[in-house]
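The following paragraphs walk through a predicted model.

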Amino acid sequence: MKRELMERILKELHEGNKLESILKACYQEEIPLSFDCFQEKVIEKLGIDQESYETGKPSQKLRAYTIALEEEFLRQRSKEVEKGEMIDEDLQKLEKYCQEHEVFAMAAVQIGIPKRIIYLKNTTLENVEEEGYDEHRVLINPVILKREGLTKYWEACASCLDYTGLVARPYRIVVEYQTISGEKQKETFEGFESTVLSHEYDHLNGILHPDVALELKWMDKEERKAFREIHGYEILWKEGDYEKLLEQVKA
Ligand SMILES: [Zn+2]
């Protein structure tokens, strides 16, 4: 589907116009398919399932919330997990979603659980194609204590449709978090794992990658894959204060 058309649909959705009338107008203008088929495609592309399309409300199914219908939800600040709070069910859902989808990691808010929990499935660039690869790393109430160096990567997100953004992330972060058993840990994440974790950490504060991207493009999965082969992960500095380096990059 043409990206101009998708962008127009999204813009109109954000302005509160009804999906059905937008679809009909677009269909009459540009798409030589049956209306049902077109509708199905758009719904799928927008990350909306049939139930939410019909009711206009998010469905209860395990799925990624997206900016098409649930931007406000994604924009909230996730809550701290309290001491002794039962989160087994939340963790199971998060793990299941990550296992069933091609993602690097997920923040709980993305599947409708606004708690400060991050699941890391793959923090490498080497294991992307490997089926079943899963690091099973869970970070509860993470806090980034230090950001150093600067890298760039064209990021995508299960919640942000086909938006692909060039984002500058720290090369190294020092993070304090709790494990599933409640122990406090301090860990240094370096290279691509810092990019993955920094992206997820932003979700906990309602920040999405298009908000912080230096450049933004609209590409589907295949286009993105080809694009990343030429424009891959790039390390600009391994040392130095991230905030200062970021200013330099933006200037
Ligand atoms: Zn994301």
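His199 and His203 both lie in helix H7, which spans residues 192–204, and because they are 4 residues apart they are separated by about one helical turn. Both of these histidines are buried.

His199 and His203 each coordinate the zinc ion through NE2, and Cys157 coordinates the zinc ion through SG, at 2.1 to 2.2 Å. Along the chain, the donors of the zinc ion follow the spacing C-x41-H-x3-H. The cysteine of this site, Cys157, has a relative accessibility of 9%, so Cys157 counts as buried, the cut-off being under 20%.

As for cysteine pairing, the count of disulfides is 0, where a pair would need sulfur atoms within 2.5 Å.

The next stop is a loop residue. Thr123 sits in the loop between strand S2 (117–120) and strand S3 (137–155). Is Thr123 buried or exposed? Its relative accessibility is 6%, so Thr123 counts as buried.

What does Thr123 touch, leaving aside residues up to four places away in sequence? The contacts are Glu135, Arg137, Phe192, Glu193 and Val196. With Arg137 there is also a polar contact, in which the side chains of Thr123 and Arg137 are joined at 3.1 Å. Helix H7 covers residues 192–204, and among the residues that Thr123 touches are Phe192, Glu193 and Val196.

Conventions:
Residues numbered from 1 in each chain as written. Predicted model: local features only at pLDDT ≥ 70, side-chain atom pairs only at ≥ 80, totals over all residues. Heavy atoms only, no water. Donors = N, O, S within 2.8 Å, 3.2 Å for Na, K, Ca; no water. Helix = DSSP H or I, 4+ residues; strand = E, 2+ residues; numbered from the N terminus. Buried < 20%, exposed > 50% of the residue type's maximum accessible area, 1.4 Å probe, protein only. Polar contact = N/O pair within 3.5 Å; in protein donor to acceptor, adjacent residues only side chain to side chain. Contact = heavy atoms within 4.5 Å.
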